[in-house]
Amino acid sequence: MSLLQIDQVSHVYKRRFQPAKTVLHDVSLTLEAGRCLGLLGSSGAGKSTLGRLLLGLERPTTGTIWFNGVDRHATQRPFQGDVQVVFQDSFAAVNPKLTAADIIAEPLDNFIRLKGEARQQRLVTLIEQVGLKATDLTKYPAQFSGGQLQRIAIARAIAAEPRLIVLDEAVSSLDMVNKRLILALLADLKRLHGLTYVFITHDIKAAEQLCDSFAILEQGRLVGHYPSLAAFDAATDPAVERMRQAKLAVHPRQRTIRKTQPNKG
Amino acid sequence: MRGGARIEPILAVDGLTVRTKQQVTLIEAVTFSIQAGQILGLVGESGCGKTVTSLALMRLLNPQTTDVTGDIQLNGRSIMSLSERTVRTIRGGEIAFIMQNPMSAFTPVYSIGHQMIETIQTHSRCSKREAKQQAMTALEEVNLTDAARLLKAYPFELSGGMLQRIMIALAVALRPSVLIADEPTTALDVFNQKTVLELLERMRATYGTAMLLISHDLGVIAELADDVLVMQQGRIVERADVFELFDRPQHPYTQSLLAQHLGREAFG
């Protein structure tokens, strides 16, 4: 049985004074435990809406999300600790008045309920797992860089030992160096703890580094689903082709925008 | 520089240093120049001083919290000692700025048209009707169709990619001699990134705008830059022609940045 089965999910947003907008059309996907699914598409394709449905923040208009064999939205309180999220903007994702310890402890206190020394020990383990130091626990968000704060957000996401983590553009606003480090961290955590990810991104390079399978959304429709990196690399359909063409040159010799050679003084 | 007449740079920065009042050095001895039609890339990781540099060039740093020394020559005159009033006419007019986050670059309470017309009128003596016409033309230049409807729209009704194109349209309308583009594509998806870079290149080719292109994405630099400055902890550690930099990086820091950039590609 797959950990996650998205079964013919459609989602409609009702709007005031405007016709309702269907943002997801009949999307079906499956994801096995311990794997990472890349959810790719341009802005407005419906990636984040699907993420919100997985988190239980919204209920699909039609269709079912089966999580571990259970209808995710059948119960009154679909959110439990088993699905966590890491957002793009880490500064917006944390309360600036809480310390790193408070931030990481929130899911811990909600779902695991550790006390005293055991709780403190767990916080230390968590912050060290994401490559920060125990002394960082007493710091506030403003004292961290974007990359460090994203590590705190990841520590918070893994704190309650979730089955699935939704990474919604989790590396998109990081600089090159941090992006690489955070991707490596996510890959390590996945391997060590058997974590399962849904990685929402428009960054094809980042997706290729982390994901095992790839789904492409365009205007709310699933237009491609590739079970492996090899299949994704070999794909020739127009959606993947458009993504490849949107990639920027790696070396100035491959540049396509600036056709003229640099002017020499 | 080969023989012939020396080309005067549009923007010449000499020994630019910014310190906080607590004597923390943010950038130190930054020296570079840009000529008309030239794109100078500025790369470095978060916190290295890229944005402080661009704010200093726009004279936007708060004088109560920072000390700026060194010299900035724009079109042959120093802007360091100009009054705030004079600087305000230069800002936007002679030197324009495109920021990373187009969502926060516009005020949410006025329509795009209101904001564009106001900005155009601030920098050129023209009627509201003429300013509106200039705004429409500029929007068309950045391939935004239905300009009349866009002018009536409010920022929240438009996507990030669209707002960034409107920012560029505004810069196009003002015809600055220098454009500072601070991470112009970072907040955009890959499809919009390429469009925005194409628009910058078109602006450069059409109007000969000199550009400082700030990015941590070496892909952006590879696409557009003529020369590249590499900044580390507030200092320029290397300046080279873009091809030279990618082929033969000299400084260890540049080498590590490139190894990561190229390595990621090899990995994919």
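How many salt bridges does the rule find across the interface of chain B and chain A? Here are some notes to get you started.

1. Before anything else: this is a predicted model, where local features need pLDDT of at least 70, side-chain atom pairs count only at pLDDT 80 or more, and totals for chains, interfaces and linings use all residues. Residues are numbered from 1 along each chain as its sequence is written, chains are lettered from A and ligands numbered from 1 in the order in which they are written, and side-chain values use heavy atoms, with hydrogens and water left out.

2. Back to the question: the rule finds 3 salt bridges between chain B and chain A, a salt bridge being a side-chain nitrogen of Lys or Arg within 4 Å of a carboxyl oxygen of Asp or Glu. One pairing is Arg258(A) with Asp226(B), at 3.1 Å from N to O. Over all chains, the count comes to 23.

3. As for the interface as a whole, 44 residues of chain B are in contact with 38 residues of chain A (contact means heavy atoms within 4.5 Å). The two chains bury about 4000 Å² between them, with 56% of that on carbon and sulfur atoms; buried area is the accessible area (1.4 Å probe) lost on being put together, summed over both parts.

4. Now look at Glu201(B) and Arg204(B), whose closest N and O atoms are 2.9 Å apart in a salt bridge. Both sit in helix α8 of chain B, 3 residues apart, or about one turn of the helix (helices are DSSP runs of H or I, at least four residues, and strands are runs of E, at least two, numbered from the N terminus). Glu201(B) is buried at 9% relative accessible area, and Arg204(B) is buried at 11%; buried means under 20%, exposed over 50%, and partly exposed in between (1.4 Å probe, protein chains only).

5. Within chain B, have a look at Glu28(B) and Arg235(B), which meet in a salt bridge at 2.9 Å, N to O. The pair links distant parts of the chain, with Glu28(B) in strand β2 and Arg235(B) in strand β10, 207 residues apart. Glu28(B) is partly exposed at 25% relative accessibility, and Arg235(B) is partly exposed at 42%.

6. Finally, Glu94(B) forms a salt bridge with Arg77(B), at 3.6 Å between the closest N and O atoms. Glu94(B) lies in the loop between α2 and β6 and Arg77(B) in strand β5 of chain B, so the pair ties together parts 17 residues apart in sequence.
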